[in-house]
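Morning, everyone. Let me put the structure up, and then we will walk through it.

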Amino acid sequence: GGDIYFDGVAPSTTGVDLSALDIDSAGGAISISGNGMNRGVAISDSQVQSSGGDINILGEDTFLRGVALESTNVSSGAGSLSIAGTSNPGVGTALIDASLDTGGGDLELTGKSFDGIGVAIYGSRIETDRGLVSLRAGNLGAHDAIVLEGSTVTSSVGVTLSPMELTDEILIGDASSGFALSGAELAMFDAPQLVIGNNLHA
């Protein structure tokens, strides 16, 4: 196995656009980084697996989505998995009918928007066997920073949920702005420990 790198910049389109691919590093690390206008990194109808190597996906855009994964599975085995997207004014990180899983590594999903949703998860599965799941979202309080619909987040260790900005107030229940989590969204988490916020919000 060997390391795999994708790095793209496209001022008028998508930084890195991968579709209908089977990417396997056989133990090596995988790094995907893109900067674009429509989307920073877009991966659709694909399989990305490292079989133990760390996977890092980083995207930034100025219109729609920083990172967009659609009908795609990303699996790191014993390695860690980190996905971070930034968009102005769109969605920082979006998962649509996607799945993320690790066998033992930690899994971190981060999304930041300046006028949209930080992290949007629709019809997707996030799962770690022996790792910690961390979800971080922020949008300067403009809208609901984190949105989950028809998805599951599972960890045998624990899940942490935290805003990226102090301006994103943590709200439990129905709300339209801040780091808001409804009862229906909280029911999608399955872990022995669920931590919401951090010491900066105590």
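A definition to begin: two strands pair if DSSP finds at least two bridges between them. Strands themselves are DSSP runs of E, at least two residues long, numbered from the N terminus. Now the caveats: this is a predicted model, where local features need pLDDT of at least 70, side-chain atom pairs count only at pLDDT 80 or more, and totals for chains, interfaces and linings use all residues. Residues are numbered from 1 along each chain as its sequence is written, and side-chain values use heavy atoms, with hydrogens and water left out.

First, a sheet. Which strands make it up, and in what order? Six strands form an open sheet, ordered β2-β5-β8-β11-β14-β17, and the pairing is parallel. At the edges sit β2 (14-19) and β17 (146-149), each pairing on one side only. From one strand to the next, the twist averages 5°. That angle is taken between axes, which are lines fitted to C-alpha atoms, and it runs from 0 to 180 degrees between N-to-C directions.

Look inside that sheet. Strand β8 (residues 65-70) pairs with strand β11 (residues 91-96) in the parallel sense, over five bridges. R65 has V91 as its bridge partner in β11.

I43 belongs to strand β5 (residues 39-44). Buried or exposed? Buried, with a relative accessible area of 1%. The cut-offs: buried is under 20% relative accessible area, exposed is over 50%, and partly exposed is in between, using a 1.4 Å probe and protein chains only. Setting aside residues up to four places away in sequence, I43 touches L18, I32, I57, A68, L69, E70 and T72. Contact here means heavy atoms within 4.5 Å. I43 and A20 are 23 residues apart in sequence, yet their C-alpha atoms are 8.4 Å apart in space.

Next, strand β7 (residues 55-61). In a regular strand the side chains alternate between the two faces of the sheet. Strand β7 shows the pattern: I55, I57, G59 and D61 point to one face and are buried. What does β7 pair with? Strand β4 (residues 30-36) runs parallel to β7, joined by seven bridges. There, N35 has E60 as its bridge partner. Strand β10 (residues 81-87) also pairs with β7 in the parallel sense, again over seven bridges. N56 stands opposite S82 in β10.

On to the core. A nonpolar core is a set of buried Ala, Val, Leu, Ile, Met, Phe, Trp, Tyr and Cys residues joined through side-chain atoms within 4.5 Å. How many residues does the largest one have? It has 36, and those with the most contacts inside it are L69, L100, L109, I126 and L135. Strand β16 (residues 132-138) gives the most to this core, with three residues. Take L109. Beyond its neighbours within four places in sequence, L109 is in contact with I83, T93, L95, L100, V119, I121, I126, S134, L135 and R136.

Now the charges. Side chains of opposite charge can pair when their charged atoms come close. Our rule for a salt bridge is a side-chain nitrogen of Lys or Arg within 4 Å of a carboxyl oxygen of Asp or Glu. By that rule there are four salt bridges. One of them joins R125 and D101, at 3.7 Å from N to O. That pair links distant parts of the chain: R125 is in strand β15 (residues 125-128), D101 is in strand β12 (residues 99-102), and they are 24 residues apart. D101 is buried at 17%, while R125 is partly exposed at 31%. R125 also forms a salt bridge with E127, with the closest N and O atoms 2.9 Å apart. E127 is partly exposed at 33%. Another salt bridge pairs D129 with R130, at 2.8 Å between the closest N and O atoms. D129 is partly exposed at 41%, and R130 is exposed at 55%. Shared partners join D101, R125 and E127 into one salt-bridge network.

Last stop, T128. T128 lies in strand β15 and is buried, at 2% relative accessibility. Its contacts, leaving aside neighbours within four places in sequence, are T102, G105, L107, V133, T154, S155 and S156.

That's my tour. Questions, please.

Definitions and conventions. Helix = DSSP H or I, 4+ residues; strand = E, 2+ residues; numbered from the N terminus.
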